[in-house]
Amino acid sequence: MSGLFEFVLPAAVLFAGAFLIYLVSRVFRLSNRVEAVLTVVILIATGVLLILQLQGMPGLLQNPEAVFGADPPGGIVFVPNAVGTFILILGTAIGILVSVYSGEYLSRDSRYLHYYPLILLTLMGLMGMFMSVNLFNLFFLTELVTVSVSALIAFRYRREISIKAGFKYLIMSSLGTMIMLLGIYFVYRSTGDLNLTGVLAKPDDLTRIGAACFLLGFSLKAGVFPLHTWVPDVYGHAPSAVSGLLAGVVSKSMLFVMPVICLRLGMTERELGIYLMVFACFNMLVGSIRMLRQRLLRRFLSFSSIAQTGYLMFGLGIGFYYQLDQAFSAGLYLFLVIAVMKSLAFLAAGIFQHHTGTQDMEALTGIGGILTMPALCFSVALAGLAGIPLLAGFTGKWLIFTAALATGDIFAIITLVIFLISTLIGLGGYLPTLVRQYLPLTESQLAAKILNNPVKSPGWMLAPVILLALLVVGIGTYPAPWINLVEQVMKWMLI
Amino acid sequence: MSFEEIILPGITLIPVLGVVILLIWRKATKTQAAIIGIVSEGFALLIPLLLYSGMKNNGIIAFSLPWIPNMQISFSLELNWLSLIFLLTEVLVTLAAMIYSLGEKTGEKNSNYYYALLLLFSLGMSGTTLADDVFLFYIFWELMLVASVLLILVWGHGESRFKVSLKYFIITHIGSLLVLISLITLYVNFETASLSELIRQAHTLPVNLQTLLTLFFIIGFSVKMAIFPLHIWLPDAHTVAPMPVTIILAAAMLSMGTYGVLRFPYALFPIDTIQPFAIWMMIAGLVSEVYGALMALAEKDIKRIIAYSSVSQMGYILFGMGTLTLRGMEGAIMHVVYHAIVKALLFMVVGILISVTNEREIDKIGGLGMKYPALCISAAIGVLGISGMPPLGIFNSEWMIFAGGFDSGISIALTVMTLLGSIFTVIYALRFFGGIFFGKRSPEDLPAKAPLALTIPTVAVMIFLLVEGLLPGPLLSWAIRGLGTIFGGSG
């Protein structure tokens, strides 16, 4: 039982905070900005707790599990998960920025009351997913994330397209959880237990089918090809701030939950590795090729996000298939930089849309002359995603290269070639988009003309974007401490 | 740490300081921005000269600082004789272009950014020549690309500059990726990013892998050198870029590919690994030489003529390196330097021509010889220089290259063909000169004098070319020492 407190405290803060904020805001009729600030306070508290948890991780790992309620099988088991804590710290940090950003971004919405609690609940659900190895618990928390996220996506419910996007996510994601439920059935039938305290002693066919069900479910939620079809619609039409949080942290983190469950259910590391590497190829190619022909800015970013899911899978896949620790670190580092760059890209794109009312790339031509600072930050994000040196993306690329070449195996090299092709095609997408911002205007490019003169974006939206852009440059020029951190986290994970 | 080791990183850091000042000082006029640019670039010239005596004693000066310790990556710089040659060439060209830029229109708006990017461009090149860490090398290598793309993108001519800069970026980036794969393969195999360490160990790699990496390196760097058929980015990029940028691109950046070939495959692997590529490099060199010259002959745009001549000249350099003889490689290195001077001179002449006539087609310009004598003499020297007329520099280097070709024993026929191919160079050079300065006088209302601000640097470069050509001794001895750095003195 000891250690339980440290495990669940951050989650409890988020959970309690979500309801508290809602109640307080409702009763005192707080404005959007005050609610945003309250959310930030709660997230900061959670972040501090999580950082303390990460610092105490070696101690926690000596006490590998905590039981909630009665003993198993009746109780629920939590295990510490260093990677989960790390990802949640990142998620909390981005959540803080998203909340600040929303302080202005939602200024024209009336229903902001629900928005912030939903963000907190999403993060709380995610945190729970990482820690719980009780399958029922996992299912419950996964559903919590699904429902909160769907509500966030459909937040602007007066617009038909938002409802459509939210609905699509709900259906697709529920399909994923249903498949997981099926998996739970198989596992329970075979073992009579829902607590996966360790790797199953005797995995049989049923548990392996269960593992496959979980693999499928998580793949759907992460947007793995061919289950990626919801991604562009959702990221394209959800509020930008939500897309940033989703694309940056929530969806991609499913790739890190997946191995914990699947490996415990008797799937071998090699199998998982092959799966990840093969489908990584599809994700990388499909994402970068479809990216080229997009007209809407955020759909464009969504397809680039699909490609990046592929990069992550590639890193993790090498790690599992070849038992290569450095590939795991590369994957986690990539997760870090993609989260920063992607949320930056979405938040900056949101500023464009906020001011011009459009996200049509053609119409946004020349926006660089009008929304100077956001456009500059957006350029940093795009250049970073394209892997230009001294920005965060390049070190990630270098690490993935290193890991793949270190295997010296033809399978990894072939995947690496596909990775290379994908990054090259990606360049053909990122660079024109970047350049387009600075093209001179023609008659048809109206959106930028609506504003006509340089516009100053409100600080609430600008500050998070600038901070993220500085982070992209900072991580890129001095990656040493970040790589250290990631390697340390992975070391704890792999003990 | 000795004095020399401490000031070595100044070559990269002082331009960075200049960039920072320029970025902050937004209201700088063009002259003010130029002064900051020239002064900080001047330090990049001054420091190697200060280090010269130290170089004479030790041969190399190195500086190292840990950067990403857990990836075995450090901020290591090394100045050796080979990098000294390329560094000085590049810095001098940049300085000339910066001074020349004062006399023309480019960068009158946002001058601070313009000069900051010129500094970054040059920083990329000096970093490339100095880096002793493959990670660092690649960063500088790409900085060079990014800065030049931005310069073309923002200050280039015409609507097509967006497409051109994109094409330039993507094609050269493919070359860079090949280089990157090779660099990381080395890094993974030896778990170190230090180039000098890799040079000590690389020969232990399996021979097949060595061959593959050599192939990647040579193709990757050939893209930068614009060797046929990897040259397709060059004519457009050179034409669209503003003149000072074209000067740096053609005179300095192209030769970074040469440096790459010498510094990586040649220095890393034993000569036996490179031997199989020799004949192919010679053939590619020959084809580039003839192709570039023929295209220059067919072109009407005076800027494109000189741009294509770069493809041709890089062909000579690749041929020289392909001979794998000491003479051939010395010739190639010397050719890099002479070509830089001649090409800077010719582009400066073209820049003046365009600015006085507002015309780029050779058919519409003519008979300017008597009107602009200084320009005419500069152009004459440049044209004779590029045709390999003694005693102008290129004669010396071509002599060495062809001598290397005969020495190599690989193929006398190829060498003879390359030698004969140089006749095309003479033809396009004379057509260029004759078409512009002789013949029918073109439109009447031309300004009475060529702008002095442009003519002075042009004449200065011309004089420099004459001096260099007459006194090839120091350069030759540097080139020999430079090759000594690669081959450990044996050749």
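This is a predicted model: local features need pLDDT of at least 70, side-chain atom pairs count only at pLDDT 80 or more; totals for chains, interfaces and linings use all residues.

Residues are numbered from 1 along each chain as its sequence is written, and chains are lettered from A and ligands numbered from 1 in the order in which they are written.

Q: Why are α5(B) and α12(B) called roughly antiparallel?
A: Helix α5 (residues 81-102) and helix α12 (residues 243-268) of chain B pack at about 170°, their axes lying 9 Å apart. Angles run from 0 to 180 degrees between N-to-C directions, and axes are lines fitted to C-alpha atoms, for helices over the stretch in contact. Under 35 degrees counts as roughly parallel, over 145 as roughly antiparallel, 65 to 115 as roughly perpendicular and the rest as oblique; α5(B) and α12(B) are therefore roughly antiparallel.

Q: Why are α13(A) and α15(A) described as roughly antiparallel?
A: Helix α13 (residues 325-356) and helix α15 (residues 392-407) of chain A cross at roughly 160°, with axes that come within 9 Å. The two helices are therefore roughly antiparallel to each other.

Q: What classes of residue make the contact of α13(A) with α15(A)?
A: Residues of α13(A), among them Y333(A) and L334(A), meet residues of α15(A) including L399(A) and I400(A). Ala, Val, Leu, Ile, Met, Phe, Trp, Tyr, Cys and Pro count as nonpolar, Asp, Glu, Lys and Arg as charged, and the others, Gly among them, as polar. On that basis the contact has twelve nonpolar, four polar and no charged residues.

Q: How many residues of chain B are in contact with chain A?
A: 22 residues of chain B are in contact with 21 residues of chain A, contact being C-beta atoms, placed from the backbone, within 7 Å. The largest share of this side of chain B, eleven residues, comes from α8(B). By class, the side divides into 18 nonpolar, three polar and one charged.

Q: What confidence does the predictor give chain B?
A: Chain B averages a pLDDT of 89, and 99% of its residues score at least 70, on a scale of confidence in each residue from 0 to 100.

Methods: Helices (H or I, at least four residues) and strands (E, at least two) are DSSP runs, numbered from the N terminus. Two residues are in contact if their C-beta atoms, placed from the backbone, lie within 7 Å.
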